[in-house]
Amino acid sequence: MKHKDGKPVSHPDKKSRAVPMAIMFVVLCGFSFYLGGIYCTEKDKIEAKDVAKVVSSSKESSTAPLQIKPTAFPECSSDYQDYTPCTDPKRWKKYGNHRLTFMERHCPPVFERKQCLIPPPDGYKPPIKWPKSRDQCWYRNVPYDWINKQKSNQNWLRKEGDKFLFPGGGTMFPRGVGAYVDLMQDLIPEMKDGTIRTAIDTGCGVASWGGDLLDRGILTVSLAPRDNHEAQVQFALERGIPAILGIISTQRLPFPSNAFDMAHCSRCLIPWTEFGGIYLLEVHRILRPGGFWVLSGPPVNYENRWRGWNTTVEEQKSDYDKLQELLTSMCFKLYDKKDDIAVWQKASDNNCYSKKLANTDAYPPKCDDSLEPDSAWYTPLRPCVVVPSPKIKKSVMESIPKWPERLHVTPERISDIPGGSASVFKHDDSKWKIRAKHYKKLLPALGSDKIRNIMDMNTVYGGFAAAVIDDPLWVMNVVSSYAANTLPVVFDRGLIGTFHDWCEAFSTYPRTYDLLHLDGLFTAESQRYKPLSDMIKQTEMHGTVGLTIYLPSAGVEKSIPLPASQCDMKNVLLEMDRILRPTGYAVIRESSYFVDAISTIAKGMRWSCRKENTEYGVEKEKILICQKKLWYSSNQSSR
């Protein structure tokens, strides 16, 4: 999924009309690559649209690795211990209340970014190991009393001594999540046989539903905003359960279309029928054809529950009828219903869409072709139905291989990726088995109970996650919003992930991952990160940050404007420090050009790093094995 920042136009000089045809061809070449900003000469034909090539060529011709000045980063004040830069409650007043947009991602500008180390809470200690962590965590690691007082009667959690205990309750299942999921499995047999592998839980509470499903072979992304429930997502990750900060508001969720096998809402308070059903349309987009949507809570079972909802039976019946009508218009059908749980299934083929959306007056209408179904990084929600591509035949629920077979079967959507093929996929799968084996030699903690939450910061096909699938851990696969859109392949394999741009902070709390894996991010996106090389320098051009590329052989400079959120390698590593747990690890696989600079920055963050060879011992690429130190704040609150 490529970023859509514009690039400068290369206008041909009027005098060029008089030059020979050969030179005219060069000028027309530059104009034809309007968006790429190609600079052409007889001696140098360097594409400015791909600055990485310039950097790569400069690095190959230079034997000296990148060197930067050592910096010791200061501590942030103690009231930044749970700082989430792009979902910071301190900045909510700057944004509107309409549809809770203030809870969406709003990252601070460059000049407001914190270049300090986030301290842990007083008394923090390494988390309890999995699987005990599913049922308990240290109170001092997530010291929130409000949620304990408000939700203890629903058995979300309760405080005992120096721990929080998680009985497995929820608003709609105060007697325990196990019996709740048992009933759900009776309604959806596909949860038992490997058909359903991936799920999303909107408004997840403390992620008890997702935690229970792990033992049943279903991998769930628990989603919740940073709100007055205080640290729902932080509790989930502290327990060792996959989770991410997010809200369905005005922008698409950071997932591709046709991704999840199941979506769940247990009294999540999302107004599904308001605003033209736009929130439900987003669930429809990310749900795989033939996938299931599960709702418990209002207005389901309104006949017996309405008295406890501060409403009337007539109002609840009207809400249920509206919901059913809206779902039908989106080609969902009621699959089954019992007690407080109702299940709808998304159409497996396009026959329903052809009939319902043939009428131009139908609502919701079909999305036009200009709206990319997988575009999901700061993409506004639209009140229209994303109809699955008719090419998707083997990816529908009834056709996709069951888990665990689907992990190593080539997904059909790999053909949508430039250069993607079955042979490329198989090679990647084999490559990561070798790499993971080598990683475990370098870092014996990988594969043990010391490492539970892992993030692969710039995956391609989820190969690393697949290679460690039998270990007691889970992997959040991140696909760069600037890279090729490979995330559908990750989901088709039965893995989970999200889009992200590492120029910004990730949607999670501090201290939430045990291991971060980075595979050539700075090399692959070298045009976006500084410092890059002696050939590239940061400039100010009319108030916007830009790059000037010097072409020695041509004796000219070529300027390319960049967004104000230009990346800095230092900021990326500081973000890694924010989300990495104390005593946690980072496995950084990078070109030899970058590793020394990364190691220098890491030392300033109080990390200890050692440089190792890759599995093949090549000189052009090295591996850094780093560990974050546990330290406590010496600064007072000043926020």
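## Disulfides in the predicted model

A disulfide is a pair of cysteine sulfur atoms within 2.5 Å. The structure holds seven disulfides. This is a predicted model, in which local features need pLDDT of at least 70, side-chain atom pairs count only at pLDDT 80 or more, and totals for chains, interfaces and linings use all residues. Residues are numbered from 1 along each chain as its sequence is written, and side-chain values use heavy atoms, with hydrogens and water left out.

## Cys367 and Cys384

One of the disulfides joins Cys367 to Cys384, with an S to S distance of 2.0 Å. The torsion about this S-S bond is about 90°, so the disulfide is right-handed. Cys367 and Cys384 both lie in the loop between α10 and α11 (422-442), so the pair ties together parts that are 17 residues apart in sequence. Here helices (H or I, at least four residues) and strands (E, at least two) are DSSP runs, numbered from the N terminus.

Both cysteines of this pair are buried. Buried means under 20% relative accessible area, exposed over 50%, and partly exposed in between (1.4 Å probe, protein chains only).

## Cys86 and Cys107

Cys86 is joined to Cys107, with an S to S distance of 2.0 Å. The torsion about their S-S bond is about 110°, so this disulfide is right-handed. Cys86 is buried, with a relative accessible area of 4%, whereas Cys107 is partly exposed at 23%.

## Cys331 and Cys352

A disulfide also links Cys331 to Cys352 (S to S 2.1 Å). Its S-S torsion is about -90°, so the disulfide is left-handed.
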